[in-house]
Amino acid sequence: MSAAPLLLTAQQQALLEPLRHGSPVSVDRLVSVLYAARWDGGPEDAPGTVRTLIYYLRGRLAPAGIAILTIGIGRGAQGYMVDPEHLASLDGALEAGRRHAIALARQRPSAAIEGCLMRAQPASPPRQTGADAQTEMRL
């Protein structure tokens with residue numbers, strides 16, 4: 001029986017990576033993993049944001065039967081880890097997800113290029129207001 005493909009965002013992958021090694025990872029470490037490269041150090045409530053991201057990641061992993069364990073209680077959670085009993089399932093689901101993404105890219109390779117071009121297009125020029133708009137209308 002093959003694992004169902006697990007497709008995750010880049011942020012979800014970055015969050016999951018330290019959790020999949022069979023030992024607890026502190027919230028502070030996860031904040032560092034996600035936000036260390038940002039000049040502002042991440043959101044004001046970075047630990048709360050990490051907890052929210054864990055909540056959504058759990059939702060993505062649950063259909064594959066993979067659980068993230070909480071170390072500690074509630075909002076005072078000290079850390080997280082993937083349930084060690086689910087590590088093999090996780091590896092299989094991630095590999096199936098990679099194969100699925102590659103197959104999709106091979107079916108329609110232009111989709112990635114189109115997506116990049118759509119994001120790269122400049123925004124509309126700012127609307128002119130006041131005297132500038134009136135001057136342009138007279139010309």
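**Figure 1. Pairing of strands β1 and β3 in the predicted model.** In this predicted model, strand β1, made up of residues 25-26, is joined to β3 by 2 bridges, and the two strands run antiparallel. Within this pairing, V25 is placed opposite Y80 of β3.

**Figure 2. Pairing of strands β2 and β3.** Strand β2 covers residues 68-71 and pairs with β3 over 4 bridges in the antiparallel sense. L69 has M81 as its bridge partner in β3, and I71 is set opposite G79 of that strand.

Figure 3. In general, the strands of a sheet pair through backbone hydrogen bonds, in either a parallel or an antiparallel manner. Along β3, G79 and M81 point one way, whereas Y80 and V82 point the other way. All four of these β3 residues are buried.

**Figure 4. Helix α3 against the sheet.** The buried residues of α3 are A46, G48, V50, R51, L53, I54, L57 and L61. These buried residues pack against α1, α2, β2, β3 and α4.

**Figure 5. The largest nonpolar core.** The largest nonpolar core contains 25 residues, among which L16, L19 and V50 touch the most other members. At least two residues of this core are supplied by each of α1 (10-16), α2 (27-35), α3 (46-61), β3 (79-82) and α4. The greatest contribution comes from α3, with 6 residues.

**Figure 6. Surroundings of V50.** When neighbours within four places in sequence are left aside, V50 is in contact with L15, V27, L30, V31, L34 and Y35.

**Figure 7. The aromatic pair Y55 and Y56.** A search of the whole structure finds 1 aromatic pair. This pair is formed by Y55 and Y56 in an edge-to-face arrangement, with 5.2 Å from centre to centre and 80° between the planes. Both tyrosines, Y55 and Y56, are exposed.

**Figure 8. H100 in helix α4.** H100 is located in helix α4, which comprises residues 87-107. With a relative accessible area of 33%, H100 is partly exposed, as the value falls between the 20% limit for buried and the 50% limit for exposed residues. Apart from neighbours within four places in sequence, H100 is in contact with P5 and L7. The C-alpha atoms of H100 and A4 are separated by 9.6 Å, although these residues are 96 residues apart along the chain.

Definitions and conventions. Residues are numbered from 1 along each chain as its sequence is written. This is a predicted model: local features need pLDDT of at least 70, side-chain atom pairs count only at pLDDT 80 or more; totals for chains, interfaces and linings use all residues. Side-chain values use heavy atoms; hydrogens and water are left out. Buried means under 20% relative accessible area, exposed over 50%, partly exposed in between (1.4 Å probe, protein chains only). Contact means heavy atoms within 4.5 Å. Rings of Phe, Tyr and Trp (its six-membered ring) pair if their centres lie within 6.5 Å; planes under 30 degrees apart count as stacked, over 60 as edge-to-face and the rest as tilted. A nonpolar core is a set of buried Ala, Val, Leu, Ile, Met, Phe, Trp, Tyr and Cys residues joined through side-chain atoms within 4.5 Å. Two strands pair if DSSP finds at least two bridges between them.
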